Amino acid sequence: MQNNNSSENTLSPDRRVLVIGGGVGGIRAALDLAESRRDVLLIDKAYAIGGLMTQLDRTFPTNNCDLCTVSPYLSQGARERHLEIKPMTTLTRLEGEAGAFTATLVTEPRYIDTDKCTACGECAKLFPDAVRVTPGLDPRAPTCMRYPQATPFAFSIDITKVADMAALKKVCRADAIRDDDTRRESVVDVASVVLSVGADLFDPAVLDNFGGGKFDNVVTGLEYERIMSASGPFQGNLVRKSDGRRPKKVAWIQCVGSRGINKGDVPYCSGVCCMYALKEAMVTRERFGDDIDTTIFFMDMRTYGKDYELYFNRARDEYKIRMIRSRPHSVVENSATQNLSITYALEDKPVQETEEFDMVVLSTGFRVGEDAKNLAGVLGIDCNQYDFAATHPFNPVLTSKPGVYVCGVSESPKDIPETMVQASAAAAMAVTDLPVVPVDLQTEDLFAPERDVRGQDPRIGVFVCDCGFEIGGIVKVDKLLADVCANTDVAVAKAVGYGCSSESMAAIETMIQENHLNRVVIGGCSPRTHETKFQDLLRRVGLNKYLVEIVNLRDQTTWTHMNEPEKAQAKAARLLQAGIAGVRKNRPLIDHTLPMSQNALVVGGGVTGMTSALTLADQGIKTYIVERAPALGGLARSLRKTIEGEDVGAFVQDLVQQVTAHGNIQVLTRSIIVDHSGMPGLFTTGIQTGVRMNYMQIDHGVTILATGALAGRPAQYGLGTHTNIMTQLEMDSMLEDEADKIQAMEQVVMIQCVGSREKENPNCSRICCQAAMKNALRIKEISPDTQIFVLYRDMRTYGFQEEYYRKARDLGVKFIRFSLDQRPEVVEADGSLSVTTHDFILGCDIEIAADCVVLSTGLIADDETTEDLALLFHLPRTIDHYFLEDHVKLRPVDMAQRGFFLAGTAHSPRTIRESITQARAAAGRAQTMLAKKEINLGACVAKVDDKKCASCLICVRACPFDVPFINAEGVSQIDADKCHGCGVCAGECPAKAIQLLAYEDDQILAKLDGLFER
Amino acid sequence: MNTESRLEKILASGELAVTSECGPPRGARPEKVREKAALLKDHVDGINVTDNQTAMVRMSSFAAGVIIKQMGLDPIIQMVARDRNRLAMQSDIIGAYAFGINTMLCLSGDHAKFGDHPMAQGVFDIDSVQMINMVRRMRDEEVFQGGAKIDGAPKMFIGAAANPFADPFELRVMRLAKKVKAGVDFIQTQCIFNLDKFEQWMKGVTDRGLDEKVHILAGITPMKSVGMARYMKNKVPGMDIPDAVIKRLEGVSKEQQPEEGIKMAIESIERIKQIKGVHGFHIMAIEWEEKVPQIVEQAGLYPRPKV
Amino acid sequence: MITAEQKPIPEIIQYIAPYGKILLVGCNECVTVCAAGGRKEVGLLASALHLNSMKQGKTIDIKEITLERQCDPEYVEELTPYIDGVDAVVSMACGCGVQTIAGRYKKTPVFPAVNTRFMGASLGQGVWAERCKGCGDCVLGITGGICPVARCSKHLFNGPCGGTSNGQCEIDPDVDCAWRLIWERLKELGMEDRYEDLMNAKDWRPGGAGGPGKIIREDLA
Amino acid sequence: MENFEPEIVAFCCHYCAYTAADMAGSKRISYPSNVKIIRVPCTGKVDAIHLMKALEKGADGVYVAGCLAGDCHFKNGNVRAEARVNRVKKILTELGWEPERVAMVNMSAGMGEYFAQTAREFTETIRKLGPGPGKFAGTNDKAAS
């Protein structure tokens, strides 16, 4: 690396983005950058990247271990060219400014030459401590690989724990152990930095009341997940550390170390613990059913994310998890049984209860660690009082230092979906410090030349993943493999653990090469998620990627027939046989490509849409904003202040100005979308625009949906019947415009969850608790004597919002909980209002006179708009009419239909700040797609056999896209670059002259044969 | 005068002619033919004998025509192109003429689909216009259709049908012209209920001077009931029943409907008499032959002139 | 093109009931185009016959083959290698194809699997309509390009009859009155005056009345 | 025929039904293991012969699962598929087999529960109908030998 210390900001193309931290956030940011063909250097202080997520058993709300979906992408295809990973590396100095930083890095010695290491595991095996994978449960072993899907796939040695280096070196047949390895310093030029080091988890040992770190059977949430995990210390057996027995009664205690004021506590909410406790309890019930009782002790149930309320309802109603609203006082161990007694108080009972559990899980939250604090110092960025990186209010991923961006828990406590969104946003922002014109875009052929397998007899390799428990826990993989060996052309049949782990992928590659395999069957999970991965594997070993069949043993067998293992076994065997029969008929195929349109369409001209458009336009992408209303601005135009006290109006006005002045943005107001055609990367959308509704068409490669949501106005609690019954949004305006009215109020009652978390709209609107706090504090500021009552169900002031909640309580705002079966009643008598509600603590109904009743009405989906667009664009929606992203966790702003991205309140309710983040993320994701410059149409296209064609025109008429035509030779011609690959023509052709490649008749019939072979 | 036809003579005399219809029985019952014909005796100048009407098999029009002829009445035998090829037609024409039958009507015939033998092959060797031409040449040129000379040519007074109401309306006069060109002597029209439209058609006919070349007999059918009117409106192809007709029948009780129907038929005749070019009436009282004399009388068409 | 429709399967089953080995022959011409007897239909019929024999508890051996054109002896000759190995032939071609096979292989019974319908044109996907009767003496030149023989239910040469209602044929409201069409077309062509030309009685001999039709091209034959 | 376990093939389109089946999996919604899925890009690809051959080869029932009406990723593949399913129903009827052995169902990608419900219902339908054509093939061989 050249040591170029030039002071002028030249935006040299040699510069790249430095991503610090290899957790999911850092990985996502690095992948987005690499996919956009920007060079990126990812460093992590650990010996392998992956971060916290790799240690989780499964993640909410899907309850999958989706790790396997992320990690293999790190080594995938073209991205490798742009992505360099340096584990065991830290940043020690950062000089220069945005666009021209010089970073000094230090890499610690691994003592293993990763180029030589085959990851055979011998070194680890011969050290009786074995491989350590569980943080906090086992002592550190000298040789360590963090988790089975680790990248880079190599061991590392803790030199301080090695007693006999010679003996250790002798073990390694690959001669990969290097005891002379030393720490190295390097200097790199970077244009921008993305900080994503996350945070540590709180260590409950500092608290003396819960027994964390003291009692064997008190574990943290993360430890519990390691115990449950198939790759954990007990191979997935849920047992107590004290006696190895399976617990019968497990309790979770929420907010351990969070939302507290005592010694060792932090005041903020960690944001994720409610969901992960629910998840852990649900997975426990899923696996052990009624054998294990599960109880969660909580203060407020904070399931505020998209569809999280439904998850909570399921946990409570379907999984019968006991929910106790109480913060326990203490946990006491019974010295004989190591059982644990929890003492707690219920809000409606004067005396405390004591109950015994076999195991207690402490839901601990996030703390910024010392390393992260130091790193902030090295970066020179400001932090908030809790040491999280401080960010710009309307630019939520930008730190106080230009060119340094932050995502994930480094910025504030958050869950994986939020982290992924922020990571994509940070990546999109980091790009702005790079030259606008992306560098080389030549075709990136990274793969070995293809072996010609035509004419060869099939030599099939069958590799079956156990996917931890997901497959291997239900069916006998050995038996499956023994069965498939009956096929004479199956040359290899092997179990491969987590088949998508780097280790297994490498092993499969080796087996393919050593056994000269020319066909591969993978028994694993869904081809929808994993086909590309294994196709790339084949390409790496010089096999055409269409010579692999993925057999969906997990999603469609072991998960669905988990209670009938024998039937699952039989079905799995049949499916594998179908896969084998099918793969025999597979032929090498060539993918077809088309140039991609470099324009973007943003639907919706609110803050989200404008932010997305600006992000794209700044990167030289021609962007159209289509807005239904006569002016830009959306719902934010009716909002005055954020909870932080920022002026929303000024911000929106500035945004509108930037958008209208931007040369790459065309704004179409009073416009509606009327038709849509094309394919991802080459869309054509028809728009009627202006007062006259003139028709125009836009060509675009990507579409961002930012259509927003509507402010809810349910006819509840007398809304609309009395001027003094208003929404929080109206109160927001009143606070700005009519302070005198506020001063005249003696008592104000706020009612939360109005029209949310109810049967008609089951989800949480997320923004209302903070909106109530914002307005309550402003009322108190204007009129300190005004009494405020907040009637709530759960206060959901997640993250740092908790601080405002605390402040409101300090200022004397009264919080009275209510439940749906005893809702408050707003009564009007002679023009004056009063609210009656049940007080659980007093155990009776109370009546509060109210000068003003403020309803927290939240947001509701714009059903009409999302329905229209969903029909036009063929997009899925949630049951409550928001757009549905492709994957809640891994692709939170991508839609299932490629080329569509989603941001803002069209996704789910969220604050302006959160919408901005999502807007940037969507723009970033859109850029990753546009950066490909061409559309891969795949090889699944229709092919005509001229000899058989009767020129009957049936294909010409049947094709939904008008592709086939009768050519000069008098036979049907289907151009591969136009064919969408649906196969309708092949299904209709009366001469059987058309085959859909990759789904040819003989392949389908062979699969049927495989299913019914006896 | 080309033929011995009584109808031709009446028409030549300038008097309004009256014809009616007799559907032969669906069985070998000559008495039924006689009964029906007897009802019409003295009140009409010719009795149409239908030929497998509505494609239902009936006694042949030739045979029934002979029975009527033997009663001393004047049958007009109908012949449809559906059931016979040109050989059969010509032999039947000669045969009929040999029995003294001198008036006939050339028709295409209803499609077999409507009858009791929908599976039958329709012959349609020649169409009605070609049939007219064939019969005319047999009479005037004394040759068979194939060209050979006839020894004893049948001298038929040739009639045909015309439907002024079927569409395209503009073709209806032209098609009549074609029939005239082919040699038709008289025309019996489809039942007339829409008098305005009939007048319009007749205007077209007279404008072209066709009334000089062919005798138009206006088709009259008395409605037995409102049900019959509705059926004809909705189910019978080429029929034009104005809503007013149905309304008028609906306006009277069920018992009075037959009488009202007859009244309407008479009113129609009265009005049509005023139309230029109409030379007579063809009264089709479907399965209601007994009412024909009443209509003829009340319409002032009785007694029939002697020729 | 010649159009055809598959026979009811029970009828086909009845034909082949006595036989165990069947040669099922499709044709890649007209019957492929009208989706009655091409390669695809051959496959479907074979499968149907298998399903049937399964029900009967029997086995049936079906060899599927689709010829380029079953009405040409050279193509039909391609069946020779298989013919001795089968008990019967089922042809999915039009009557011409069936007879060509029957004429070539005298000892093997051949059964039709389709009903040959008419010479028709395609009106769109999956719809064919009769357009020609093969009358041997084309009048389209004077009827505005619309055939009264094929498209008038009564083959009227001097139509329309009195049954036309709303421009449709009396036999079916879904059938256009050919003479209405002829008239409209003549008007479009400015040839209305031709309407009143009397069309003489037709000579049906070239269309089959003169015995089985045959064309001999002396320059080619 | 006691303990008859029908063998069922479901041709599922990639975009909707196959995804719905995955969804059923990730939600751990169980359905009869009798149902075995063959993935196709669009149900419009499913040829009548595939359904016939499935029955011939041993399936007791076959269904095609595509996108909801109007929602086909390829515009109308699901409509084409339904027409072909109806054709096969007609053939089966002519042959004296129960037309209920083949079926068309429609669902969106998110309808994991419905996928499972459909699988359950179809399996029950076929269970009531008893073994399909392919099951008789085995007995034939014995009869023939």
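## Helix packing and chain contacts

Helix α3 (residues 39-56) of chain C packs against α2(D) at an angle of about 25°, and the two axes lie 9 Å apart. Because angles under 35 degrees count as roughly parallel, α3(C) is roughly parallel to α2(D). The model in which this packing occurs is predicted. The crossing of α3(C) and α2(D) is left-handed. On the side of α3(C), the contact is made by Lys40(C), Gly43(C), Leu44(C), Ser47(C), Ala48(C), His50(C) and Leu51(C). The residues of α2(D) that take part are Ala48(D), Ile49(D), Met52(D), Lys53(D), Leu55(D) and Glu56(D). By class, the contact of α3(C) with α2(D) comprises 7 nonpolar, 3 polar and 3 charged residues.

Helix α17 (residues 607-618) of chain A and helix α18 (residues 648-661) of chain A pack at an angle of about 40°, with axes 10 Å apart. That angle makes α17(A) oblique to α18(A). The crossing of α17(A) and α18(A) is left-handed. In this packing, Val607(A), Met610(A), Ala613(A) and Leu614(A) of α17(A) meet Val652(A), Leu655(A), Val656(A), Gln658(A) and Val659(A) of α18(A). The contact of α17(A) with α18(A) has 8 nonpolar residues, 1 polar residue and no charged residues.

| Helix pair | Angle between axes | Distance between axes |
|---|---|---|
| α3(C) and α2(D) | about 25° | 9 Å |
| α17(A) and α18(A) | about 40° | 10 Å |

Chain D also touches chain A, in a contact that takes 44 residues from chain A and 41 residues from chain D. The elements giving two or more residues to the side of chain A that touches chain D are α14 (527-540), α15 (554-558), α16 (565-585), α26 (984-988) and α27 (1001-1012) of chain A. Of these, α27(A) gives the most, with 7 residues. The side of chain A that touches chain D divides into 21 nonpolar, 12 polar and 11 charged residues.

Arg80(D) lies in helix α3 of chain D. Arg80(D) is buried, with 26 other C-beta atoms within 10 Å. Leaving aside neighbours within four places in sequence, Arg80(D) is in contact with Ala958(A), Val984(A), Gly987(A) and Glu988(A), and also with Gly44(D). Asp47(D) is 33 residues from Arg80(D) along the chain, and their C-alpha atoms are separated by 9.4 Å.

Finally, helix α7 (residues 273-288) of chain A has 16 residues and reaches 22 Å from its first C-alpha to its last, close to the 22 Å expected at 1.5 Å a residue. Of the 16 residues of α7(A), 13 are buried, so α7(A) is largely enclosed by the rest of the structure. Gly289(A) follows α7(A) and has a positive phi, near 55°.

Conventions. Residues are numbered from 1 along each chain as its sequence is written. Chains are lettered from A and ligands numbered from 1 in the order in which they are written. This is a predicted model: local features need pLDDT of at least 70, side-chain atom pairs count only at pLDDT 80 or more; totals for chains, interfaces and linings use all residues. Axes are lines fitted to C-alpha atoms, for helices over the stretch in contact, and angles run from 0 to 180 degrees between N-to-C directions. Helices (H or I, at least four residues) and strands (E, at least two) are DSSP runs, numbered from the N terminus. Angles under 35 degrees count as roughly parallel, over 145 as roughly antiparallel, 65 to 115 as roughly perpendicular and the rest as oblique. A crossing is left-handed if the near helix is turned anticlockwise from the far one by less than a right angle, and right-handed if clockwise. Two residues are in contact if their C-beta atoms, placed from the backbone, lie within 7 Å. Ala, Val, Leu, Ile, Met, Phe, Trp, Tyr, Cys and Pro count as nonpolar, Asp, Glu, Lys and Arg as charged, and the others, Gly among them, as polar. The expected span of a helix is 1.5 Å times one less than its number of residues. A residue is buried if 20 or more other C-beta atoms lie within 10 Å of its own, exposed if 12 or fewer, and partly exposed in between; C-beta atoms are placed from the backbone.
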